[in-house]
Amino acid sequence: MVRLSELHPEEAEHMLGRAALLKRSSFDFDATPWIMPKPLRESTIALISTAALHRRDDPAFRFGDTGYRLIPNDIDPAELVQSHISVNFDRTHYQRDLNVVLPIDRMRELAEAGEIGGVSPIHFSILGATESFLFERTGEEIARRLHDLGVDTAMLVPV
Amino acid sequence: MISHYLQRNGIPTTTISLIREHTEITRQPRALWVPFPLGRPLGVADDPDFQRDVLRSALRLLDTATKPVIEDYPHDAPDGGGDGVWSCSIMLPEPEVSDLEAAIRGEVDLLTPWYEEARRRRGRTTVGISGVKPEEIDKVVSFIVAIAEGSGFQQIPVSAEGPNWRHPLPMLVRFAVEDLRAFYQEAVTSQEGTKPPSQHDMHSWIFNRTTLGRAIMAIGHQIADNEDRRLMTMRGLMIPEGFWEGEVSWGELPPGMDRLSFIKSSRAYLAGEEAEAR
């Protein structure tokens, strides 16, 4: 359903504008090394969400925020709110079920079934509306934290 | 992009992709493109089997990919069946603008039992983005009505003092609107076993069938009448494309500016990090 042709023309143009910006950038996408992960069954995995989720008593994401927030794996979903700025995405499913955006229950089930090695005790959330090239330091920092936590792999979930 | 920064620091990634065009350009190592609406990366609420299948499909790429890959997820989300299918089962009076405050409070009163029912059953509410506690929804109403009636974008209206508002003005207005929308939306999707409306149907209901929608449009007019053009960015973040009186919700862009640079130029001001320009 999210083919650009199905968005409002203004929204589609905005998305294409973002695409053009990515295309014009001097970032060398091909220079990123290929890493062979551990087998899934042995991998501890963290979720990285761009949905601007955070705990109610955390600082809310600012417009243009390049930072990140921590979401404990055992969080009570009632503790989370979402300070994403865009109005042009569907919130009704998220309002019914956190897992449609942050699948913490599904991850736990896959770990219990032995399909993945384990779930990180901490997940990470950023504000995806901020220009993606501004996340270099945050990316480094999240990677460092993941290594410290003994996490092998990150599963990225956009919104 | 975050996947590049993680990979460059030794963390392999797999990702769900919603905008295929972006993923193609950024050449992420492993991506599962899903044909779902924005905001629903796992497809659909309250369907663990479907969500698990999406998640598994994205994770499986970690075992199977040997070079950068974008795989297409083959199933559409099993949701309500598109636009124009849903209708609200809670009857609200016709939207009324002569007394915004009384009309919105009337709507809130009619929706409250359903909101409470949804909150009880789901064990959560997403109301609280602006900093209010769910039981302070009355203050959100006061806030939105005051802004809609012209109290300006620089200070908290006296009638809305009290809650621990967590965003600076002007952007607080955008999050207060979101909180009241969340209250309405959680209420009208409270019935178990029914499919939630499509995004377009939900926007249509809010903007065409509720006084809250009229108040949001009134805030849009306050923005249009304000001398500070940077507020237009906030209107674009509050009123979805296709719902602003036949025109682009973001308004006319200043000459020589595209939407992204306009957003960028207004960001510090809207985030309360800059004094008012006038």
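Author: Just after helix α4 of chain B, G123(B) takes a positive phi of about 70°; helices (H or I, at least four residues) and strands (E, at least two) are DSSP runs, numbered from the N terminus. The model is predicted: local features need pLDDT of at least 70, side-chain atom pairs count only at pLDDT 80 or more, and totals for chains, interfaces and linings use all residues. Residues are numbered from 1 along each chain as its sequence is written, while chains are lettered from A and ligands numbered from 1 in the order in which they are written.

Helix α4(B) itself covers residues 100-122. Its 23 residues should span 33 Å at 1.5 Å a residue, and the end C-alpha atoms are 31 Å apart, which agrees; the expected span is 1.5 Å times one less than the number of residues.

A residue is buried if 20 or more other C-beta atoms, placed from the backbone, lie within 10 Å of its own, exposed if 12 or fewer, and partly exposed in between. An α-helix has 3.6 residues a turn, so residues three or four places apart point the same way. Contact requires C-beta atoms, placed from the backbone, within 7 Å.

Two of these partners, α5(B) and α6(B), also meet each other. Their axes come within 10 Å and cross at roughly 130°, where axes are lines fitted to C-alpha atoms, for helices over the stretch in contact, and angles run from 0 to 180 degrees between N-to-C directions. The two helices are therefore oblique to each other; angles under 35 degrees count as roughly parallel, over 145 as roughly antiparallel, 65 to 115 as roughly perpendicular and the rest as oblique. Among the residues in contact are I137(B), V140(B) and I144(B) of α5(B) and V173(B), A176(B) and F183(B) of α6(B). In the loop between α5 and α6 of chain B lies P170(B), and the peptide bond from L169(B) to P170(B) is cis, with omega near 0°.

Positive phi values also occur at non-glycine residues. D46(B), in the loop between β2 (30-33) and α3 (48-64) of chain B, has phi near 60° and is partly exposed, with 16 other C-beta atoms within 10 Å. E245(B), in the loop between α9 (231-238) and α10 (259-270), has phi near 45° and is exposed, with 10 such atoms within 10 Å.

Chain B as a whole contains 10 helices and three strands, and buried residues make up 48% of its 278 residues. The contact between the chains takes 78 residues from chain B and 74 residues from chain A. On the side of chain B that touches chain A, α3(B) gives the most, with eight residues.

Definitions and conventions. Two residues are in contact if their C-beta atoms, placed from the backbone, lie within 7 Å.
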